[in-house]
Amino acid sequence: MRKLVLLSTGGTIATTFGPHGLEVKVGAEELLDSTRTLRGGGSIRVESHEIHRIVSSAASVSDILALARAIRMASREADGVVVTHGTDSMEESAFLTALTHESAVPVAFTGAQRPFDDPAPDGPANLSAALSWLGDPRSDGTGVSIVFDGEVIPAVGAQKVHTKALNAFQAPGRAPIAAIDDSGMRVFATPPKVPVVLSSSIEPPRVDVIGQYLGADATALHASVAAGARGLVVAGFGVGNTTPETTEACLDLLGSGFPIALSSRVAAGPVHGVYADSGAELVRAGAIPMGDLPPGQARLLLAAILTHSSGDEEISTRCREWLTAVGAAS
């Protein structure tokens with residue numbers, strides 16, 4: 001029999017309808033109870049703990065590092081750790097956890113698009129699938145994943161792709177690890193091992209995401225630097241392009257040794273320095289292409305690397321090595 005630990009953090013899966021909107025009211029044991037008729041059987045034993053009750057849009061990096069520490073503790077005596085979490089920031093929380101997770105014990109994040117007391121809630125099925133996934137020895141060594149709507153996808157590259165649909169998460173460009181439905185479980189792939197680059201006991205420095213849009217100037221970029229950002233991720237157009245004003249400001253910062261990474265506002269595909277006086281110029285000046293990582297995950301990677309690195313070359317090298325190791329490099 002495999003022992004699993006369930007850590008609940010709130011989110012829609014734990015909300016009920018209130019007079020002013022959805023409120024987080026459901027604890028870990030009640031969430032676990034909702035899955036009993038779905039998962040059935042006695043092949044797993046689950047111990048539940050409540051970490052906090054918040055919506056994930058309110059979570060901070062400190063909150064998720066505390067969660068990562070709880071996962072580390074649970075991994076010492078469990079065969080798998082399931083985390084129930086809000087969908088708003090799940091892709092970032094799962095990714096940040098992956099950056100800290102040294103154990104071979106698998107971790108699965110899951111949640112819901114509909115509240116606990118909805119007439120047709122999706123939370124019980126998602127949680128049941130996550131428990132089934134980690135209850136299977138084939139999940140061992142697969143790192144951190146997101147289990148949603150019958151699919152297991154890797155945390156690296158995961159994105160919420162729909163605000164309301166039940167199949168809310170995808171990892172564009174990556175195959176699902178497994179599928180779980182009423183016919184059983186089908187395992188398709190083993191994801192690359194994610195190199196650990198951050199201790200869950202160390203708060204990483206501030207890194208901001210600078211969005212690109214029609215006519216964007218450098219106001220947000222300068223404000224981030226003035227507010228104490230140690231690095232920036234530009235969520236560029238297409239393959240990583242920027243407006244002339246943003247390009248000029250980035251070149252000035254890169255010239256002073258300030259780290260800047262390139263991602264894209266497009267949901268799928270890698271960034272690549274192609275256009276003169278834009279992405280190509282930034283890459284030549286030292287900007288780091290973040291492969292196909294979405295901007296929120298690129299931000300966390302750069303922050304984690306900055307925690308233990310200094311100097312343009314070391315930061316760039318460590319980012320590129322990490323991206324190559326997980327298959328995210330362009």
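**Salt bridges in the predicted model**

A salt bridge joins Glu47 to Lys3, with 3.3 Å between the closest N and O atoms. This pair links distant parts of the chain, since Glu47 belongs to strand β4 (residues 44-54) and Lys3 to strand β1, 44 residues apart. The two partners may be considered in turn. Lys3 has a relative accessible area of 12% and is therefore buried, the limit for that class being under 20%. Glu47 is partly exposed, because its relative accessible area is 25%. The model in which these contacts are found is predicted. The pair also belongs to a network of salt bridges, in which Lys3 and Glu47 are linked with Glu77.

The side chains of Asp140 and Arg2 form a salt bridge, 2.8 Å from N to O. Here too distant parts of the chain are linked: Arg2 is in strand β1 (residues 2-10), Asp140 is in the loop between α5 (123-134) and β7, and the two are 138 residues apart. Arg2 counts as buried because its relative accessibility is 11%. Asp140, at 37% relative accessible area, is partly exposed.

A further salt bridge lies within a helix. Glu281 and Arg284 form this pair, their closest N and O atoms being 2.7 Å apart. The two residues are three positions apart in helix α8, so about one helical turn separates them. Arg284 is exposed, with a relative accessible area of 59%, while Glu281 is partly exposed at 26% relative accessibility. In the whole structure, a search finds ten salt bridges, and the pairs described above are among them.

Some acidic side chains are grouped in another way. Asp217, Glu245, Glu248 and Asp252 gather on the surface in a patch of negative charge. Of these, Glu248 lies in helix α7 (residues 244-255). Glu248 counts as exposed because its relative accessibility is 54%, and the exposed class begins over 50%.

Most residues other than glycine have a negative phi. Asp277, however, has a positive phi, near 60°, and is located in the loop between β15 (260-264) and α8 (279-284). With a relative accessible area of 61%, Asp277 is exposed. Asp149 also has a positive phi, near 50°. Asp149 sits in the loop between β7 (144-148) and β8 (151-154) and, at 41% relative accessibility, counts as partly exposed.

The setting of these parts is as follows. The protein contains ten helices and 16 strands. Buried residues account for 54% of its 330 residues. One of the buried residues is Val82, with a relative accessible area of 0%, which is found in strand β5 (residues 80-84). From C-alpha to C-alpha, Val82 and Phe258 are 38 Å apart in space, and in sequence they are 176 residues apart. The C-alpha trace of the protein spans about 60 × 45 × 35 Å along its principal axes. A compact globule of 330 residues would have a radius of gyration near 20 Å, so the 20 Å of the protein agrees with that expectation.

Terms used:
Residues numbered from 1 in each chain as written. Predicted model: local features only at pLDDT ≥ 70, side-chain atom pairs only at ≥ 80, totals over all residues. Heavy atoms only, no water. Patch = residues over 30% accessible without salt bridge, like charges linked within 9 Å, V, L, I, M, F, W, Y side chains within 5 Å. Areas by Shrake-Rupley, 256 points an atom, 1.4 Å probe, with all protein chains shown as cover. Salt bridge = Lys/Arg side-chain N within 4 Å of Asp/Glu carboxyl O. Lys, Arg positive; Asp, Glu negative; His and termini not counted. Charge placed at Lys NZ, Arg CZ, Asp CG, Glu CD. Helix = DSSP H or I, 4+ residues; strand = E, 2+ residues; numbered from the N terminus. Buried < 20%, exposed > 50% of the residue type's maximum accessible area, 1.4 Å probe, protein only. Rg over C-alpha atoms; globule rule 2.2 N^0.38 Å.
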